[in-house]
Amino acid sequence: MAPETWAAAIAIVEELRGSAGRIEVPEELQHYGDRRRFLALQMADSLEEGFDVPHDQAELVEMIQRGELVEMRALGDDYILYDVGTASREDPLTHYDSASGKDVKLFPEFQSYAEEDARLAEEERRPGSAGAKARAQRALLSTFYNDPEEAKKLFAEYRAVTELAYDFRGLSYDLNDPADRIRFQVRLLSFIRPEARDVLLKVAHDYHERFGRRLPVTSLVRTQRYQRRMVRNSPNATGVDMAPHTTGMAFDISYKFMASDEQNFVMEDVARLEDEGRVESLRERNNSIHVYTYADGHQPAEELVTGFLDDVQAAHPNSGPQKKKKKMVAPRRKGKAAAPAKRRTPSRARRASRPIASR
């Protein structure tokens, strides 16, 4: 039998179907009474595990080259990547400065930067907004490229991106070609950490075995630049500094085309994983089930979780304790309460003090 194509697999995902019964959302996939806790748990775990978080695609490339992330093929045996990365319009040949929120163009060496600086100096002489824009761009580039240490890092980022684009595990991408650039970006966003990959494959296998369909996965790793720009367009995207997807430990499952029995099956499967302490999950209103994987199968230390509640509140002012919880559908149980602190082993207590690396 000929291998199934990606387009054919997408058609099966989107096939109209129905089933008897209503959607029952387990308490594990609902919000806590204090909605801040959901993000605080994931942020605390990111801190405790010391995950690198990629600011931009150049840093994501470096993480891939270090072997920190594994690639998910577009069409797996039990899953399919459904619109992963298609909304991303990052320039892989720019550095994202997370402090200022500005993009800094990458150059292969100092001479290329000097030539761009000279061109911008000419542009500065133009009247009005064009001159002002060139002046601001020139000043931004100067801040980075006239600092020897910063310039060295940016030149290394340029080399990392272009080398991977030239030979991305057997395929080559021309970053001057807009279509190739999009394909390159989509591929970069098709990576995830190994522990999260294992959980994804387990849920996908269970779903495929039960219904004969591949599990549609809509999001894996994201860069901070991508995450922050998503906040403008999606009410479900978070603006916290350590957003779950930037760690590579989270993935989203689309339930948009699933019949009620399919949705209930997937949610029960994920709920069991949460009961085992392996994941943190939520059924979101954008047709997605968000799943964050705990690398060592345990929630983080409670004191770390509490320490992030104010950060979540600052990013999401309406996320505090709810007087009356609103449910998307009638659940079978009451909303989940805050979990008690777990006893920490000495090794985990030591790891809790590790800061997250900035690069």
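User: At what angle do the axes of helix α3 and helix α6 cross?
Analyst: The axes of α3 (residues 57-65) and α6 (residues 148-166) cross at roughly 65° and come within 9 Å. This is a predicted model, where local features need pLDDT of at least 70, side-chain atom pairs count only at pLDDT 80 or more, and totals for chains, interfaces and linings use all residues. Residues are numbered from 1 along each chain as its sequence is written, and side-chain values use heavy atoms, with hydrogens and water left out.

User: Which residues of α3 and α6 meet?
Analyst: Ala58, Glu59, Val61, Glu62 and Gln65 of α3 meet Ala156, Glu157, Ala160, Val161 and Leu164 of α6, contact being heavy atoms within 4.5 Å. By class, 6 are nonpolar, 1 is polar and 3 are charged.

User: New topic: is valine 217 buried or exposed?
Analyst: Valine 217 is buried, with a relative accessible area of 0%; buried means under 20% (1.4 Å probe, protein chains only). Valine 217 lies in strand β6 (residues 215-219).

User: What does valine 217 contact beyond four places in sequence?
Analyst: Its contacts there are Tyr79, Ile80, Leu81, Tyr82, Val84, Leu200, Phe251 and Asp252. Valine 217 and valine 84 are 133 residues apart in sequence, with their C-alpha atoms 7.5 Å apart in space.

User: And how many residues are in the largest nonpolar core?
Analyst: That core has 64 residues, and its largest share, 8 residues, comes from α6. A nonpolar core is a set of buried Ala, Val, Leu, Ile, Met, Phe, Trp, Tyr and Cys residues joined through side-chain atoms within 4.5 Å.

Terms used. Axes are lines fitted to C-alpha atoms, for helices over the stretch in contact, and angles run from 0 to 180 degrees between N-to-C directions. Helices (H or I, at least four residues) and strands (E, at least two) are DSSP runs, numbered from the N terminus. Ala, Val, Leu, Ile, Met, Phe, Trp, Tyr, Cys and Pro count as nonpolar, Asp, Glu, Lys and Arg as charged, and the others, Gly among them, as polar. Buried means under 20% relative accessible area, exposed over 50%, partly exposed in between (1.4 Å probe, protein chains only).
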